Amino acid sequence: MDLLPQQNARKRVVVVGGGLAGLQAALRLDKANVDVTLVDRRNFHLFQPLLYQVALAVLSPADIAQPIRSIVRHHKNVEVLMDEVVGFDTTAQRVMLKTGLEIEYDFLVLASGSTHSYFGNDEWAAIAPGLKTIEDAIEIRRRVLLAFELAERQMLERGTHPALNFVIIGGGPTGVELAGAISDIAKLYMTKDFRHIDPSSAQVLILEGSPHILGAYPPDLQIKARQQLQKLGVTLRTNAHVTGVQPGYVMVGDERVDSVCTLWAAGVQASPLGKLLGAQTDRRGCVIVDKHLNPPGLPNVFICGDLAHVQQDGKQVPGTAQPAIQMGDYAARRIVEMIAGKPPAKAFHYFDKGDMATIGRSAAVAKIEWPFKAHWSGFPAWLIWLVVHIYFLISFRNRLSVFRQWAWTYITFQDGVRLITGSQTLPGWDVVDPRVDPGVDPKVDSALDRPAGDLTTEPLAAMKSPPELATKSTS
């Protein structure tokens, strides 16, 4: 393998991952007497908290992404290498790359993030995409928008179309945000754009396996979130354990829930690089670290962001944006101190400023911890959510673009990036449930040939608690 040589006698810091944690570490080392090599598979930094807005056609990918090279352009001691890490030699202090190159390091910052977890059912990924990358967002946008287009086309051709039922598996922040955004585009932004279907008839269902949505939030905000979702027409089902995901439907126990588009927001797992490091990991693959973000026995290796398992006050620090930024900042400061020969720094301590989740237009929940303590919901929480997320975007251009697009969408009730790219097929659109009529040959009959009303027992708005969405029992 080729070895990337060190150009001078200064210490080299290798940062793996150009997300919030890795980028923060690299930028904070700007004035330090070190050379920084930032390695990422992509050439851009992605602001993941707004990824769902790309998925639901509010923002374009360029609004929430920025080339890493342009971000570090004026940081002369930072170089960028677009490559994929495939292994580590912590004894020789080397990082192995997919292209065959090896990089020697004096300090390593590993911040490679997380990916989807389907709890051992990886075959579900093709049917129910998750949301972690721009490619995921574009695919979700394609599927959601295509469902309406196929319904319009079929209504024109046949006078009927399947019920536009969207199922989201997982009731955490991502699931709630996706559900609210789908409801918004169906009921607010597309109502006048179609001639043969009523987009507002679309129904959105969240399937959550635990007793509550937004399980990490206080009970009062969980209730507020539920109320706001129901006001948007989103149906919630808690204690709903998904046992199968198939084209056109989801199984909850023995119950079939029809879906023209199924999305996954139920679980994440850490990047596999944590295990390649050879350090101890938890069940999600997060590297267990000490109070200085170091794996045991590796004082010059720092684990940051989603990949780090950090215990504080008896709980694991969440894998969200604020902890990632603070970990990257801490790792950089600790490296500077170690080079200067200073005594160990104070232990890493996550300063919790609060959590917030947007639910839809003028709807959100916010647990505020700083500069004051409060639990907000509705329009005030939504407004503070807008301000915070614009502030944390990486460049002025992104901030201006996002603010302009949000203002335009809010005032005109029009979203501006409703593009369908790629395939024009939707998994499950033509799937028939032979149990509807045991005498029907599924090879001949199609779900598309039955009236939309045949796919549901009754409109969601008329259903009694607990609500059901387009279900058929196997009994």
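**Aromatic contacts, a pocket and a cavity**

Ring pairs link Tyr 118, Phe 119, Trp 124 and Trp 264 into a cluster; rings of Phe, Tyr and Trp (its six-membered ring) pair if their centres lie within 6.5 Å, and planes under 30 degrees apart count as stacked, over 60 as edge-to-face and the rest as tilted. The structure is a predicted model, in which local features need pLDDT of at least 70 and side-chain atom pairs count only at pLDDT 80 or more, whereas totals for chains, interfaces and linings use all residues. Residues are numbered from 1 along each chain as its sequence is written, and side-chain values use heavy atoms, with hydrogens and water left out.

The search of the whole structure gives 13 aromatic pairs. One of them is the tilted pair of Phe 372 and Trp 376, with 5.7 Å centre to centre and 40° between the planes. Phe 372 counts as partly exposed at 37% relative accessibility, and Trp 376 likewise at 31% (buried means under 20% relative accessible area, exposed over 50%, partly exposed in between; 1.4 Å probe, protein chains only). Trp 385 and Trp 406 also form a tilted pair, because their ring centres are 5.5 Å apart and their planes stand at 35°. Trp 385 belongs to helix α9 (residues 379-392) and Trp 406 to helix α10 (residues 396-412), so this pair ties together parts that are 21 residues apart in sequence; helices (H or I, at least four residues) and strands (E, at least two) are DSSP runs, numbered from the N terminus. Trp 385 is buried at 1% relative accessible area, as is Trp 406 at 11%.

Charges also sit over rings (NZ of Lys or CZ of Arg within 6 Å of the ring centre and within 35 degrees of the ring normal). Arg 361 lies over the face of Tyr 410, 3.9 Å from the ring centre, and Lys 353 over that of Trp 370 at 5.4 Å.

Trp 406 and Tyr 410 are among the residues nearest the centre of the second largest pocket, which is lined by 25 residues. A pocket is an open set of points on a 1 Å grid over the protein atoms alone, with protein on both sides within 12 Å along at least five of seven lines; a cavity is a set where a 1.4 Å probe fits but cannot get out, and lining residues have an atom within 4 Å of a point. The volume of this pocket is about 400 Å³, and α9 gives the most to its lining, with 7 residues.

The structure has 2 cavities of 30 Å³ or more. The second largest cavity holds about 50 Å³, and its lining includes Ile 127, Arg 143 and Leu 426. Volumes are the space filled by probe spheres set on grid points, which are joined across faces, edges and corners.
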